[in-house]
Amino acid sequence: MAGVSTSPARKVVGLGFLPDEARHGFLIDIPMGSGASGLICITEHRGNDLDHLGARAVDAPSPNDPALRVVIDRNRWLALAPAFWEEANRRLRANGLPAAKFQKNPGRSVPVHPSLGKELCILCWAVEDASPDDIPNALHNWEALAPEERWWLYTMTVATTGQAMQKGIGWRKALRAAIADNPFVKGEGLSPKARRELLEHSQLSLSL
């Protein structure tokens, strides 16, 4: 009997990052320990910079590093990251990729799929200077957005105020107002499905 051929499993590291296929990705650097003063950094990487992303030791990025997208304190990170991880894992499973358990201190940098990395930056930017009390509201508003909306917001924001230190101006300021400060009222407005249908006519075509 002829053998049945099977396609090899796709290698996945971190949160949906595909090292053998990726041309783009994000990296979350989480300092060891539990001190509230610890700063979580998120950087964006392309091209040769993707080689062994997350597997090599890296120095903490400088504040003016053009690849540095987010610097957020540990308390805010812990208030938003588990909900983000849950949403990300739901999407990964729906796309046939393995889920990744959230860890407060993973011991090494965490590579992230580019689509998910963009969405994480949007959430972090919205709350980076907001009161911690506003984070549950921000999570509700962020979760109500379709992925395509989050990608569009990222594209608009990163074009002008995408470096970590460009806080409180332009699109970064607008994100806080729209996501963290805007009251969430369940049941009001268009559903994510309805908004996604409106976006189908746009030129945006990103997977996951």
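This report covers the confidence, the overall build and one proline of a predicted model.

## Confidence

The chain has a mean pLDDT of 84. Of its residues, 81% reach 70 or more. Confidence is highest in helix α2 (residues 114-127), at a mean of 97. Helix α6 (residues 192-199) has the lowest, at a mean of 54.

Two stretches call for a separate mention. Residues 1-7 have pLDDT below 50, and beyond near neighbours in sequence this stretch has 0 contacts in the model. Over residues 201-206 the pLDDT also stays under 50. For residues 201-206, the model has 6 contacts beyond four places in sequence.

## Overall build

The chain contains 6 helices and 4 strands. Read from the N terminus, the order is β-β-β-α-β-α-α-α-α-α.

Of the 208 residues, 42% are buried. Among contacts with a separation of 6 or more, 75% join residues 24 or more positions apart.

## Pro82

Pro82 lies in helix α1, which spans residues 74-94. Pro82 counts as partly exposed because its relative accessibility is 36%, between the 20% limit for buried and the 50% limit for exposed.

Leaving aside residues up to four places away in sequence, Pro82 touches Trp77 and Phe102. Gln103 is 21 residues from Pro82 along the chain. The C-alpha atoms of Pro82 and Gln103 are 8.8 Å apart.

Methods:
Residues numbered from 1 in each chain as written. Predicted model: local features only at pLDDT ≥ 70, side-chain atom pairs only at ≥ 80, totals over all residues. Heavy atoms only, no water. Helix = DSSP H or I, 4+ residues; strand = E, 2+ residues; numbered from the N terminus. Buried < 20%, exposed > 50% of the residue type's maximum accessible area, 1.4 Å probe, protein only. Contact = heavy atoms within 4.5 Å. pLDDT = per-residue confidence, 0-100.
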